[in-house]
Amino acid sequence: MAIVNERHAQSKPTQVDPKTGKPLPPSATMTGRASPTMDVLPDGNGGFFGSFFASKNKKKMAAMEPPPPSLKASGTLSEREGVEVEVIKLLINSYFNVVKRTMIDMVPKAVMLNLVQYARYTKDEMQRELLENMYRTNELDELLKESDHTIRRRKECQQMVESLSRASEIVSQVQ
């Protein structure tokens, strides 16, 4: 409401004191009010949004007025209707910005969720495939067979262990 009231105040021409020619202060142009409030609308109950913003009457806040049976378009809007239209525009733009921000935040999350679910499916599929290959009885001996390089390396290590143990015996006899 404050934003809309500020826009309307800027769009109105400033009133000039006819005696001095200087602009009148804003408090003098507001029909005797000291400061703008939420009930700046001309009718006494605060207008269309009075039930949302005013806390004077709890029953009025709880029970909203029913919508009119038919809506008729008119060529010109009163000042009060113009303010209400501006407030509704601001609220709708704000709502759409919130929804847009939520969607922007949710897209990467949805992508990551799908990737994780796909990875989980892929992991389960790979594990199933490996278990199938591992438990094939006809290929079990082939899978457990050592490669030639491993056999050669194991023999070299055994010879090194034997050589080192003989060297250790010789050193212990010398001492």
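pLDDT is the predictor's confidence in each residue, on a scale from 0 to 100. That score matters here as a topic, since this is a predicted model. The protein has 175 residues. Seven helices and zero strands make up its secondary structure. Confidence is lowest in helix α2, residues 26–29, with a mean of 50. Confidence is highest in helix α7, residues 148–174, with a mean of 94.

**Confidence**

- Across the protein, the mean pLDDT is 75.
- Residues that reach 70 or more make up 68% of the protein.
- The pLDDT is below 50 over residues 28–45.
- That stretch, residues 28–45, still has 25 contacts in the model beyond near neighbours in sequence.

**Overall build**

- Read along the sequence, the pattern is α-α-α-α-α-α-α.
- Buried residues account for 7% of the 175 residues.
- The protein exposes about 15,700 Å².
- Take the contacts between residues at least 6 apart in sequence: 52% of them join residues at least 24 apart.

- Side chains of opposite charge can pair when their charged atoms come close.
- By the rule used here, the protein has six salt bridges.
- One of them joins Arg 80 and Glu 84, with the closest N and O atoms 3.1 Å apart.
- Arg 80 and Glu 84 both sit in helix α5. They are four residues apart, about one turn of the helix.
- Glu 84 has a relative accessible area of 11%, so Glu 84 is buried; the cut-off for buried is under 20%.
- Another salt bridge links Glu 132 with Arg 128, at 2.6 Å from N to O.
- Glu 132 and Arg 128 are separated by about one helical turn, because they are four residues apart in helix α5.
- Glu 132 has a relative accessible area of 38%, so Glu 132 is partly exposed.
- Arg 128 is also partly exposed, with a relative accessible area of 38%.
- Glu 125 joins Arg 128 and Glu 132 in a network of salt bridges.

**A salt bridge between Glu 146 and Arg 154**

- The side chains of Glu 146 and Arg 154 meet in a salt bridge, at 2.9 Å from N to O.
- Glu 146 counts as partly exposed because its relative accessibility is 36%.
- Arg 154 counts as partly exposed too, at 37% relative accessibility.

**A nonpolar patch on the surface**

- Which residues form the nonpolar patch on the surface? They are Ile 88, Ile 92, Tyr 95, Phe 96, Val 99, Met 103 and Met 106.
- Together these residues have about 690 Å² of accessible area.
- Met 103 belongs to helix α5, which covers residues 79–134.
- Met 103 is partly exposed because its relative accessibility is 48%. The cut-off for exposed is over 50%.

**An aromatic pair**

- The structure holds one aromatic pair.
- Its partners are Tyr 95 and Phe 96, with ring centres 5.9 Å apart.
- The ring planes of Tyr 95 and Phe 96 stand at 55°, so the pair is tilted. For edge-to-face, the planes must be over 60 degrees apart.
- Tyr 95 and Phe 96 are both exposed.
- Tyr 95 and Phe 96 are also members of the nonpolar patch.

- Glu 86 is another residue of helix α5.
- At 25% relative accessibility, Glu 86 is partly exposed.
- Where does Glu 86 make contact, leaving aside its neighbours within four places in sequence? Its partners are Val 4, Arg 7 and His 8.
- Glu 86 and Met 1 are 85 residues apart along the chain. Their C-alpha atoms are separated by 8.8 Å.

Methods: Residues numbered from 1 in each chain as written. Predicted model: local features only at pLDDT ≥ 70, side-chain atom pairs only at ≥ 80, totals over all residues. Heavy atoms only, no water. Patch = residues over 30% accessible without salt bridge, like charges linked within 9 Å, V, L, I, M, F, W, Y side chains within 5 Å. Areas by Shrake-Rupley, 256 points an atom, 1.4 Å probe, with all protein chains shown as cover. Salt bridge = Lys/Arg side-chain N within 4 Å of Asp/Glu carboxyl O. Helix = DSSP H or I, 4+ residues; strand = E, 2+ residues; numbered from the N terminus. Buried < 20%, exposed > 50% of the residue type's maximum accessible area, 1.4 Å probe, protein only. Contact = heavy atoms within 4.5 Å. Phe/Tyr/Trp six-rings, centres within 6.5 Å; stacked < 30°, edge-to-face > 60°.
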